[in-house]
Amino acid sequence: MKAIKKIFFSILTGMVLSACGTSTQIVGSWKKGGADTLTYKKVLVAALTNNLQAKQKVENALAAVFSVRGATVSRSLDVFPPDIESKNNKDKDAFLKKIKDYDTDLIVTNAVVDKKTQERYMGGGYAPWGWAGNFGGYYRGYYGRFYDPGYYTLDRVYYLETNVFDAKTDQLVWSAQSRTYNPSSLNSFIDDYAKVIVEKMTSDGILK
């Protein structure tokens, strides 16, 4: 019986861990009228974060999205020094001006707009082991009864916004907000994010 319980707990643990894996979904998007006829040859991608590692990975992912479709892509890291961004509004204005003045057709940005921690109750319940549906079966299996008290876990939820601007008119042409649950690593998050964004851009007609 102890062996059976160990197997059950192993299966349950595996299910819980897989349920806590990275999951990214689009929670909303907007497209300017006529944006599906937009043409572009040059694209500048910019992840608006001071985390250099995250900035590199996000910009690489966004660059790949447009590169495979024939565009010439520049990353903000290749164009501007990584320390140009700060929380100072004057520095932010200078950075935005440099981006707008750069020779490109589209500006694609990414930024974390919100982070939350949510408490969630996992499982909990009672189950008799292997009785035959009658009193005799129940009595014989009495000491095999199992009770799982459950537990609380914390979910990390990140909301990101991806925007596409027409560099010539400085107008926003497409925007989407994504929600990511429990990223297990930066790499898994980026892979998930890039896949979801590509699918949404394609379905909305933004990507060629």
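Predicted model: local features only at pLDDT ≥ 70, side-chain atom pairs only at ≥ 80, totals over all residues.
At 9% relative accessibility, Thr24 counts as buried, where buried means under 20% relative accessible area, exposed means over 50%, and partly exposed is in between, all with a 1.4 Å probe and protein chains only. Thr24 lies in strand E1; strands (E, at least two residues) and helices (H or I, at least four residues) are DSSP runs, numbered from the N terminus. The side chain of Thr24 is joined to that of Thr180 by a polar contact of 2.9 Å. A polar contact is a pair of N or O atoms within 3.5 Å; within protein, one must be able to donate a hydrogen and the other to accept it, and residues adjacent in sequence count only if both atoms are side-chain atoms.

Residues are numbered from 1 along each chain as its sequence is written, and side-chain values use heavy atoms, with hydrogens and water left out.

We can turn next to the charged side chains. The structure holds five salt bridges, a salt bridge being a side-chain nitrogen of Lys or Arg within 4 Å of a carboxyl oxygen of Asp or Glu. In one of them, the side chains of Asp103 and Lys42 meet with 2.6 Å from N to O. Asp103 lies in the loop between helix H4 (89–101) and strand E4 (106–122), and Lys42 lies in strand E2 (residues 42–47), so this pair ties together parts that are 61 residues apart in sequence. Asp103 is partly exposed, with a relative accessible area of 49%, and Lys42 is also partly exposed, with a value of 29%.

Asp103 has another partner, for it forms a salt bridge with Lys168 in which the closest N and O atoms are 3.9 Å apart. Because Lys168 lies in the loop between strand E7 (151–166) and strand E8 (171–181), while Asp103 lies in the loop between H4 and E4, the pair ties together parts that are 65 residues apart in sequence. Through shared partners, the salt bridges join Lys42, Asp103 and Lys168 into one network. Lys168 counts as exposed, at 56% relative accessibility.

A further salt bridge is found between the side chains of Lys55 and Glu59, at 3.6 Å from N to O. Both residues lie in helix H2 (residues 52–67), four residues apart, which is about one turn of the helix. Lys55 is buried, with a relative accessible area of 2%, and Glu59 is buried as well, with a value of 0%.

A search of the whole structure finds two aromatic pairs; rings of Phe, Tyr and Trp (its six-membered ring) pair if their centres lie within 6.5 Å, and planes under 30 degrees apart count as stacked, over 60 as edge-to-face and the rest as tilted. The rings of Tyr40 and Phe66 have their centres 5.7 Å apart and their planes at 75°, so that pair is edge-to-face. Since Tyr40 lies in the loop between strand E1 (23–31) and E2, and Phe66 in helix H2, the pair ties together parts that are 26 residues apart in sequence. Tyr40 is buried, with a relative accessible area of 3%, and Phe66 is buried, with a relative accessible area of 1%. The rings of Phe189 and Tyr193 have their centres 5.9 Å apart and their planes at 25°, so this pair is stacked. Phe189 and Tyr193 both lie in helix H6 (residues 186–203), four residues apart, about one turn of the helix, and both are buried.

Finally, there is the backbone to consider. Most residues other than glycine have a negative phi. Asp170, in the loop between E7 and E8, has a phi near 65°, a positive value in a residue other than glycine, and Asp170 counts as partly exposed at 37% relative accessibility. Asn182 is found in the loop between E8 and H6 and has a positive phi of about 45° although it is not a glycine; Asn182 is buried, with a relative accessible area of 7%.
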